[in-house]
Amino acid sequence: KQSTFTENSFKKYKTIKGHLVGFEIYDKNELSLKTINNNTLERLQSYFFIEAKLVTATTRKNILIFKSFLNWAFENGFLENMSYKAFKPKNAPPKRHIVLTPLDIEKLENVDLTTNYLINARELLILSTLTGLRFSDYSKISKEHIKVKENGEEVLLIRTNKTREFVELPLTPRAKDIIHKLLNGDIHSISNQKMNVYAKDVCELAEINEICEVFQDRGAISISKKEPKYNLITTHTGRRTFCTNLLLKGVPAEVIMEYTGHKSYASFSKYVNIPKQTEFDIIKSALMG
């Protein structure tokens, strides 16, 4: 199915294949479509937790992808035993994702950066907060994605890499400024890995250093640790910030989901992180009239 998968999907299957090879060694049993059952997946989950040291959310995702392969194998006559379907991978407890507050974004805008690669990363990070696009989308913006409406307004019309759906986005003056810098070559796209590193560096210099408690859940084990906020920034932070800030401005979740491509509120809600103090102020304002 390589020709019908996206590049990212294919990478996920290659990663799981590597894990399965490691699981065979760990389990001292050769995997076979004739013997895979519910208990096999139970042992595989234990392998992910104990040997591969994967967190619960990643483990669940890997097992669900593997089960989708097993479903394909059954539908195409390669697998007869369907007992694997009974296995339900462990759910990760809900967690609050990191978003950038308006004060954080102000700090990003005002921080004095003298190194070009950090300026480049700062602009890309801010662009993601203004468009809600995934890294794979905002990193490929080109001239053909800019459309001019009859009233002269510039909008961004782009087909998203993951869902293959078109999204038309209004552009703030700041977003237009960054996009034109991209088109003129004043800033440029970088790899996802480098963006994750540089975004942390930029946020550290901007003193986005609030201490956050984060939990790492691996099966029955839950480890709590304290991290400065800048250390938790990733390429996805901007997208979560976009969703959260629009909700706080009163935009209905259903409307935001049209732009982000989320099909269910359950998946959309994972992107939202309204600060506790803001939640308190909203409730207080409503109660006090």
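Asn 245 is buried, with a relative accessible area of 18%; buried means under 20% relative accessible area, exposed over 50%, and partly exposed in between, with a 1.4 Å probe and protein chains only. This residue is found in helix H9, residues 237-248. Helices are DSSP runs of H or I with at least four residues, strands are runs of E with at least two, and both are numbered from the N terminus. Leaving aside residues up to four places away in sequence, Asn 245 touches Leu 100 and Ile 105, where contact means heavy atoms within 4.5 Å.

A word on the model itself: it is predicted, so local features need pLDDT of at least 70 and side-chain atom pairs count only at pLDDT 80 or more, while totals for chains, interfaces and linings use all residues. Residues are numbered from 1 along each chain as its sequence is written, and side-chain values use heavy atoms, with hydrogens and water left out.

## The whole protein

Let's step back for a moment. The secondary structure comes to 12 helices and 5 strands, and the C-alpha atoms fill a box of roughly 60 × 45 × 45 Å along the principal axes. Of the 289 residues in the protein, 38% are buried. Among contacts with a separation of 6 or more, 60% are between residues 24 or more positions apart.

The protein exposes about 17,000 Å², and carbon and sulfur atoms supply 53% of that area; accessible areas come from the Shrake-Rupley method with a 1.4 Å probe, and for residues only the protein chains shown count as cover. There are 43 positive and 33 negative side chains, with the centres of the two sets 6 Å apart. In this count Lys and Arg are positive and Asp and Glu negative, while His and the chain ends are not counted. The place of a charge is NZ of Lys, CZ of Arg, CG of Asp or CD of Glu.

Helix H7 (residues 173-184) has 12 residues and reaches 16 Å from its first C-alpha to its last, close to the 16 Å expected at 1.5 Å a residue. The expected span is 1.5 Å times one less than the number of residues. Its buried residues are Ala 175, Ile 178, Ile 179 and Leu 182. Seen down the axis of H7, these buried residues fall within an arc of 95°, so they line one face of the helix; the arc is that of the directions from the helix axis to the C-beta atoms. Pro 173 and Asn 184, on the other side of H7, are exposed. Cover for the buried residues of H7 includes H5, H6, strand E1 (146-148) and strand E2 (154-159). After H7 comes Gly 185, with a positive phi near 85°.

Helix H8 (residues 192-205) has 14 residues and spans 20 Å between its first and last C-alpha, close to the 20 Å expected at 1.5 Å a residue. Met 195, Tyr 198, Ala 199, Val 202 and Cys 203 are its buried residues. Viewed down the axis of H8, they fall within an arc of 135°, so they line one face of the helix. They pack against helix H4 (102-110), helix H5 (116-131) and helix H6 (135-138).

In helix H10 (residues 253-260), the buried residues are Ala 253, Ile 256, Met 257 and Thr 260. Down the axis of H10, they fall within an arc of 105°, so they line one face of the helix. The face turned away from that buried side carries the exposed residues Glu 254 and Glu 258. Helix H9 and helix H11 (265-269) are included in what covers the buried residues of H10. Gly 261 follows H10, and its phi is positive, near 85°.

## Exposed residues in loops

| Residue | Loop | Relative accessibility |
|---|---|---|
| Lys 28 | between helix H1 (7-27) and helix H2 (38-50) | 71% |
| Glu 207 | between H8 and strand E4 (211-218) | 51% |
| Lys 270 | between H11 and helix H12 (276-288) | 55% |

Lys 28 has a positive phi near 60° in a residue other than glycine. Glu 207, also not a glycine, has a positive phi of about 60°.

Which residues does Lys 270 touch, not counting residues up to four places away in sequence? They are His 97 and Arg 240. Lys 270 and His 97 are 173 residues apart in sequence, and their C-alpha atoms are 7.4 Å apart in space.
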